[in-house]
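Student: Hi! Could you walk me through a helix and its surroundings in this one?

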Amino acid sequence: MIRKFSVKNYRNFRDELILDFTNTHDYQYNEKCIKNELINKAIIYGKNSVGKSNLGIALYDIVYNTISSSLPKPDFFYKSYKNADTERNDLIEFYYSFLLDNDIVDYYYHKTDPTTVVYEKFVINDELIFEYHSKKNQYNFTGVCKVNAGEINWNEFQKINSSNIELNDEESEKPSALRYIIHNTIQDKHSVIYKLIVFLKGMKFSGSNPTNLHRLNLINLYEEESLNKFQNFLNEYGVDCKLILLEQLDGEKGIYFDYKKPLDFFRNMSSGTSRLTDFYLKYMCGNKPTFIYIDEFDAYYHFELSEKIVKLLENVFDCQVVLTSHNTNLLSNSIMRPDCFMILSNGKITPICDATNRELRQGHNLEKLYINGEFDE
């Protein structure tokens, strides 16, 4: 689980933005939203352009920086990466604190641009594993033997990352030390590095813009049993339809709405059905996620469907989930609790229970308080 996250000099976050999952309060209801004394389910509200989308992209940066560094990066990864008000020598700063079983891992890294890491610090249970600042030519890898990385040629790493070496080939970006360890060591399944790899591979992010569903792995749907499960999911969540598989002109199978004249599913589904399909394929097929961030998760959803999806995420998904929304109907103690509803405003994320002098109780109408400005700064 993620304990804390912060980012600075990134996109519209000129100052340090902190997302603190350790900031729980003593509410005796909706306790499933808390796990291991950390916030496990949360909804973030905020006006347009405050950075809700950028927060999700920032949280996912570590995945591109480590396990997926060699994969093609989406356009949004490079776009306006560094805050436009920063000075030339300012670094983009990231900090993650993880709880992996009983171990606390603190990982800091700073960048000059989307692909160049110049500072890293990796700590396990307050014990330094490595730290370096390549621009200052300062390196300390004395603790790497504790993560089975003592045999790595760290002199070669220092040579590659020295500040006077410029790499013009985009595919030859300077690797981070954590990435170097992940790709050059064999880790036991009980090791902290292995657990961190598993967590990072399970992190999933969905932006607010509609996904091109044809880019997703749809292979699971082109079997009768799998298609029936998907159809039942759609039916349960408000889409009254029947789906069939038909052979297309190219010999491949296609999914169709079952009418007298079958209609191609992907070309004729509504915006809400498209969003629901995206959710099903990303989060209910394949490996179980470890962390989910869905920006404007309920765009195109009816308010009843929005609530059902939140309940599904709470009751079925054991992982951490962060949603953003403009739907104030969800702002209810029947759905979550005041320490799990957060507001992003003026570069700060504040749980609504900390945004008011009022002692919020289970009987309070949180939506009404929010609309009336109770939680405004």
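Predicted model: local features only at pLDDT ≥ 70, side-chain atom pairs only at ≥ 80, totals over all residues.

Student: How many residues of H9 are buried?
Tutor: 12 of the 13, so H9 is largely enclosed by the rest of the structure. Buried means under 20% relative accessible area with a 1.4 Å probe, protein chains only. Helices here are DSSP runs of H or I, at least four residues, and strands are E runs of at least two, numbered from the N terminus.

Student: And what covers those buried residues of H9?
Tutor: The cover includes strands S11 (203–206) and S15 (291–294), plus helices H7 (224–236), H8 (265–268) and H10 (303–315).

Student: At what angle do H7 and H9 cross?
Tutor: Roughly 130°, with axes coming within 11 Å; axes are lines fitted to C-alpha atoms, for helices over the stretch in contact, and angles run from 0 to 180 degrees between N-to-C directions.

Student: Which residues meet there?
Tutor: Ser 226, Lys 229, Phe 230, Phe 233 and Leu 234 in H7 meet Leu 276, Thr 277, Phe 279 and Tyr 280 in H9. Contact means heavy atoms within 4.5 Å.

Student: Switching topic, what does Ile 309 touch?
Tutor: Tyr 237, Leu 276, Phe 279, Phe 297 and Tyr 301, not counting residues up to four places away in sequence.

Student: Last one: what span should H9 have at 1.5 Å a residue?
Tutor: It should span 18 Å, and its end C-alpha atoms are 18 Å apart, which agrees. The expected span is 1.5 Å times one less than the number of residues.

How values were computed. Residues numbered from 1 in each chain as written. Heavy atoms only, no water. Buried < 20%, exposed > 50% of the residue type's maximum accessible area, 1.4 Å probe, protein only.
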